[in-house]
Structure formats: C-alpha cells, structure tokens
Amino acid sequence: MLNKIYDWVDDRLDITPLWRDIADHEVPEHVNPAHHFSAFVYCFGGLTFFITVIQILSGMFLTMYYVPDIKNAWESVFYLQNEVAFGQIVRGMHHWGASLVIVMMFLHTLRVFFQGAYKKPRELNWVVGVLIFFVMLGLGFTGYLLPWDMKALFATKVGLQIAQSVPFMGTAIKTLLAGDPTIVGAQTLTRFFAIHVFFLPGALLGLMAAHFLMIRKQGISGPL
Amino acid sequence: MHRGKGMKFVGDSRIPAAEHRKPNIPKDYSEYPGKTEAFWPNFLLKEWMVGAVFLIGYLCLTVAHPSPLEKIADPTDTAYIPLPDWYFLFLYQLLKYTYASGPYNVIGALVIPGLAFGALLLAPFIDRGPQRRPSKRPFATGFMLLAVASIFYLTWESVATHDWEAAKKQGQIVAESSVDKESDGYKHYKASCAGCHGNELSGGTGPKLLDTGLSPEEVAKIAKEGKGNMPPGVFKGSDEELKVLAEFISNAKTK
C-alpha cells in the first residue's frame, strides 16, 4: 500500500532523486563512533540540531498560553508555570534547551575549529555557521525578556545600554530594538516577541538550510 | 542528468518519463574506502540512540530544576542589581574593568568583542594555510585557546563577584496582601511603619508584617518599645491611634 502511494507520487513528481540527496548516502568510517569512539566529537552538531527542533516545538506550545503585553506577560508565564498541565515541563525544556544549545554549538564550533575543517573548500559553510551562532545569541537575548520578571527587565536594560554605547548609530539601534530611545516598556516587549518568534527563527531556518545543503554538497571533511 | 532532445516527459511536465530517470540504486559500498555505513536507516538509528540518552539527561535536568521566575517587572525599583543570562556573563564582566568601561566603554563594548567575533567569523580567510592539524597551525590554535581561557576566566570572575543571596532575595515573588489601603489602620501604618516594612507590609529593611500571628497587644508593645534592630518610639501617634494600628497589623494576612 505504502509502496503504491510512493509510486503514484513518484510517477508525477519524480521524488526519488530528492530522497537520494537527503538520506541515501554513505557515512565514512572516521566520523562513526561505532568504529572509533573518539568520533563522538562529531555528534555535537547533530545534537545542536536536535535541541533546536525541541526549542521550536516547545516554543510553539508556549505561545499557546503566552501573552506578549506588559500587563499579562508575567501573569501568563506564572499561570503556565503553576497551573497548566505539563506547563512547567514545557517551559523548563525551553529554558534549559536555550542553555544547552549554546553549550552544544560552542563544542561543535571548537571541534570544527581545532580540526581545521573550515579550510578550503568549506569557508562559506564556516561563515554561515558563525552567523547561526550570532542568531542563537540573539534568540537568547530576546527570549530572556519575555517572562517580564525583574531579572528579564533589568538584564534587557543593561543589554540595550550596551547597544546604545555604539558610536554614531547607538541610539538608532536601541530605538529599533526597544521601540523608544529611552523607555523600556510595552513596545519593547512586543518588539522582542516579534524578533524572538518571527524574525530570528526565519533567519535561523534559512541559515540552517544553507548549512545542511553545503554539507551534503561538499561531504564531511576527511580525517586529520 | 541527460536533458534536451530525445527526452521523454510525463505528460507536458518537466518530470522525465520513468525509463529516462536515474536508477534508484545507491553506489556500492565497495566504492568507498574504510568501513562506511548507510546513513539511512543504520547510522541515523545510532544517532537517535545518542539523542535519546541525551534527551533523558535533558529531561532529568528539567524535572530537577524548574525554570526560575522572579516577581513581575517593576521599572521603579532602582536598587535591583541586574545580571544577564550566563552565556553573556563574560561580555558583562569585561565592561567592569577600568580600560573597558567609563570613558573607555567603546573598547569593552565594541572593539574587543568586535575583534574577537570578527576574527571568528573570518577565521578561514585568516588561517589560510593547507595544514589542518592544530599543532601545525600554532597561531590559530593559540588564539583560540586564549579566547576560550578568557571566556572561562571572565565568566568565573563574574559568578564569583556576584552577590547571589541578595540576588535571590531581590527577585522573590511576594504574595499579594489583602490589606485595605483605605482603612484608618493603613494610614497610621503608612505614616510610621511603611518606610521599613514596605507599602504592602511585605518587608524591606524590617521583616514582613503579614501573617504575624501576633495579638494586637503584642504588636502595640513592639511598636512602642522596638524589637531587635527596631529602635523604641518609632510610632509617634496617640494611644487611640496605636490601638487602631495594632488591630490592623494583627489582622493583616496574605490573600
């Protein structure tokens, strides 16, 4: 039955080459921890992707309860944390995932760096990877404000002050992020929400697609 | 893939007819050196097992440490000591040093992080040699080790110098009180006690006065004679007012 459905779709769309490009390839010996245990260092990138998927899923569930305005944001998080079934687990996974993804990405970056895997012809993939790192830091910074509790507000104030200290365009950057040159308030929260939920994830998905496309195109770098 | 004259298509589409498609047969394993393994499904299953072990640890962490939530943001609280999330601590700590803050703020906020992250971004164009082993490219390895050591050191310093007990206290969620702010008792309280015990009776320099369990007589005695760090004679009103105040504090409860 499944085969018949596959054939019916394949006859119209020719999906076999697509499938072959995504999944049907060989994994070389030197990256396989089953053959060389030290190859576990190659797992960090995959684990980063794994946590990213968890972050997207848990974030989708969080937005079912979260309200991005200064009157209700904290109340909705408090409700989610204390009243909603499994709310504490979903928020906990998003909270700890944000830290774990930074750790895994840091380890992945160090692995690629110390193996010199960014050298020709893989320069572009390294640049895209570092951009993913920046986007992740941006997601961490904007997500920290959303519960609208004391530490969120004051950490964001400090972060925006640092952005403001950039010469010439500091105030413009701060206004773009916070919605006002001086106030950190209602508009800041909605902007950070929009950046955290739409702008940065959009950029992240595009960059990750480029990252994976280049890996499949170039293959993984050879053993040292 | 062969394109152009002679190709047969499905209907009028650009999908080639079945006999012109690439065969769905992956390359033979013998064409690859070493012990290769098919990604799908063999290797992916192993990866998933690593992922599952990781997921268990992740869930244990989540269950053991519920994510923190401090009290609702109050922009008027000027005494709050801010702290960013842990992975920004090294940048935050950098701004505390003399030549990276105040008049030199641009150095700490822009020049040093800009150089470090800029170098990271452009690493393949800086470290251009053909060598890949860390020992064969001492500058790249050395600078990266230096950067990692600095990040660890700055984060450590930031954690060590932060007053964690004060931080825990300043953000605590305070239970809302059901005090009637229109009552006479609250007016006397506001005049004499709120400075130390807080507008919500939730405490400040002095302890909180909600759910004290004290009788009005005991409250009146403390208000006149003091207790612990509280000096005597803080309450300056008449005896009649003291009685109203004592009743009020004795009955103050959390919601």
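**Helix 9 and the annotated cysteines of chain B**

Let me begin with helix 9 of chain B, whose buried residues pack against helix 10 (239–251) of chain B; contact here means that C-beta atoms, placed from the backbone, lie within 7 Å, and helices are DSSP runs (H or I, at least four residues), numbered from the N terminus. This is a predicted model, in which local features need pLDDT of at least 70 and side-chain atom pairs count only at pLDDT 80 or more, while totals for chains, interfaces and linings use all residues. Residues are numbered from 1 along each chain as its sequence is written, and chains are lettered from A and ligands numbered from 1 in the order in which they are written.

In helix 9 (residues 216–225) of chain B, the buried residues are B:Val219, B:Ala220 and B:Ala223, where buried means 20 or more other C-beta atoms within 10 Å, exposed 12 or fewer, and partly exposed in between. They lie on the same side of helix 9 of chain B because they cover an arc of only 100° around the axis, the arc being that of the directions from the helix axis to the C-beta atoms. Just after this helix, B:Gly226 takes a positive phi of about 80°.

Turning to the annotation, the unreviewed UniProt entry gives a "binding site" covering B:Cys193, B:Cys196 and B:His197, although such annotations may be inferred rather than shown by experiment. B:Cys193, in the loop between helix 7 (184–192) and helix 8 (194–197) of chain B, counts as buried because it has 21 C-beta neighbours inside 10 Å. B:Cys196, found in helix 8 of chain B, is partly exposed, with 15 other C-beta atoms within 10 Å. Leaving aside residues up to four places away in sequence, B:Cys196 touches B:Gly204, B:Thr205 and B:Gly206.

Definitions and conventions
Helices (H or I, at least four residues) and strands (E, at least two) are DSSP runs, numbered from the N terminus. Two residues are in contact if their C-beta atoms, placed from the backbone, lie within 7 Å.
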